[in-house]
Amino acid sequence: MSDSTMPDKGSKGFSRRGFIAGTGSILGAMAVAGRANAATVRSGAASSAATASVASAPITDGAHVPVLVIGTGYGGSVAALRLAQAGVDVQMIEMGMAWDTPGPDGKIFCNTLNPDQRSYWLRTKTKAPLNYFLGFPIDRDIPKYTGILDAEDFAGITVYQGRGVGGGSLVNGGMAVTPKRENFGAVLPSVDADEMYNTYYPRANAGLGVGLIDPAWFDTVDCYQFARVGRKHAQRSNFPYVFVPDVYDWDYMKREAAGTATKSALDGEILYGNNNGKKSLQKTYIAAAKATGKVSISPLHKVTTVSPSAGGGYTVVIQQLNTTGDPVATKSVTADKVFFAAGSVGTSKLLVKLKATGLLPNLNDEIGKGWGDNGNVMCGRANHIWDPTGKLQATIPCGGIDNWAAGGAFAEVAPLPTGIETYASFYLSITKNPNRAQFTYNAGTGNVDLDWQTAWKQPAIDMAKTIFDKINSTEGTIYRTDLFGTYKIWGDHLTYHPLGGAILNKATDNYGRLHGHPGLYVIDGALIPGNTSVNPFVTITALAERNIEKIIATDL
């Protein structure tokens, strides 16, 4: 890290003034920054997560199902809905919980500022994306539980993923961004842009319930003061500030602000789930799929192997888990067709292991390759005392700074909802980082490893600096150095947007069919080669809509 990014002696007084921030309460406020997000389907979404409860009886040992979908995130939910609408019975397998039952506090999800056992997947200590204050760690001990957010550690990177029915839609910031058309060729080079922008992106946005904040309301409401400061600073450095669509119910948000609805986004809820206004997949695609009567979901079930069955189709071995992650039953079922939709990491790890152990020997050598972090990197800036960002901050980001064409970076202006004034601006950047990693099977441990290196984040840092160095110069401000460690500016240790590992038209054909094993498909973010130029979940959803339409027309 260059010395130019560190506070100099002359800035010490200013930096302390600018570094005013919360204490332990800052813990999970951090990084509501922009994930790839969730939403609403035309069949009428339920108004509460509890209304999308799963089937009461999980899959039974020895069952034979026409279609088994591994995972309940964006791709899997699209596949389940469209297959059900085509008359096919679908069984969905979800490693996480159903998240349809309130806890002792009467809420399904815990507050971001007060994480409890519901917050993390099988951890005994929280691992918040922004987990330092003034250089001191502020994570806390929690009971081991099948919580909603998985901070999965690999060599060189921590990958944040949603765990539960709805996948990543449960824990992201809901920013529902369609890539600029001029950038699409670099995102999915084998896919026809016309069909995506004319048919499948509109279909995905409708299904996800995407909407845009009311600009007039944005300009006046207290809870977006932080974003208005971000806009002002961007524009004074001649960067475009753009409003970004989201899947939050903006009418509900207005009622929250007016005090006529239970606070949700205005009560620090996002990183560990949102109890009211957010349109996660539970309320949209999954609700619509369940309404067909042809989709069943088995939560707390983990697929361990998939192999060809002697009588045709595939034998799928599944462990049923308890809420401390221990297997309590093993089931063997047969599926005529299997869709891998466990997310980029989950799908890639499973396929790599199945190929290496000989259970799916005909998978090609592209399996496990092309994984990327969507160029994610985080940072904070210490603003002047006359630029307060507000005590009340909505957890839903609604805009960003676009320097993609000139500098290779788009920066989401993210909230820091600590409940106190921080005089800080916080950002999650998506960059053109070209580095790609590979998953490989480790026969000695039986695990699948990822060869990402922290040093590979440097291009992302350099691209983000094209925005923030200029803003700091214009505003006479500095980077915060207390949020990711002691005198550490960049959050270069993580990603919210894992992509790749089973690349479309390489590991699969151009519609997600896995080579060498008819009836096996990939239909999630593993298909996308490492970067979407924006938050990725709309692209994952649109690609799934495209692919499942073709598969239904030709394979069923």
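Analyst: Tyrosine 423 sits in the loop between strand S14 (409-414) and strand S15 (424-431). Helices (H or I, at least four residues) and strands (E, at least two) are DSSP runs, numbered from the N terminus. This is a predicted model, in which local features need pLDDT of at least 70 and side-chain atom pairs count only at pLDDT 80 or more, while totals for chains, interfaces and linings use all residues. Residues are numbered from 1 along each chain as its sequence is written, and side-chain values use heavy atoms, with hydrogens and water left out.

The phi angle of tyrosine 423 is near 55 degrees, a positive value in a residue other than glycine. Most residues other than glycine have a negative phi. Tyrosine 423 counts as buried because its relative accessibility is 16%; buried means under 20% relative accessible area, exposed over 50%, and partly exposed in between, with a 1.4 Å probe and protein chains only.

Serine 533 also has a positive phi, of about 75 degrees, although it is not a glycine. Its place is the loop between strand S20 (520-522) and helix H12. With a relative accessibility of 5%, serine 533 is buried.

Another loop, between strand S2 (90-93) and strand S3 (132-133), holds asparagine 114. That residue is partly exposed, at 48% relative accessibility. Its C-alpha atom is 9.2 Å from that of glycine 268, although 154 residues separate asparagine 114 and glycine 268 along the chain.

Now the wider setting. The protein has 12 helices and 20 strands, and 61% of its 556 residues are buried. A contact means heavy atoms within 4.5 Å. Among contacts between residues at least 6 apart in sequence, 75% join residues at least 24 apart.

A nonpolar core is a set of buried Ala, Val, Leu, Ile, Met, Phe, Trp, Tyr and Cys residues joined through side-chain atoms within 4.5 Å. The largest one has 88 residues, and those with the most contacts inside it include Leu68, Val338 and Trp371. Helix H12 gives the most to this core, with eight residues. Apart from it lies another core of 68 residues, among them Tyr145, Phe218, Ala409 and Tyr479. Leaving out residues up to four places away in sequence, valine 338 touches Leu68, Ile70, Tyr314, Val316, Gly519, Leu520 and Tyr521.

Helix H12 (residues 537-555) also packs against helix H2 (residues 74-85), at an angle of about 35 degrees and with the axes 8 Å apart. Here axes are lines fitted to C-alpha atoms, for helices over the stretch in contact, and angles run from 0 to 180 degrees between N-to-C directions. Residues of H2 that meet H12 include Tyr74, Val78 and Leu83, and their partners in H12 include Phe537, Ile540 and Ile548.

Last, the cysteines. A disulfide is a pair of cysteine sulfur atoms within 2.5 Å, and by this rule the count is zero. The sulfur of cysteine 398 has its closest cysteine sulfur in cysteine 223, 8.6 Å away, so this is too far for a bond. Cysteine 398 is buried, at 1% relative accessibility, and cysteine 379 is buried as well, with a relative accessible area of 0%.
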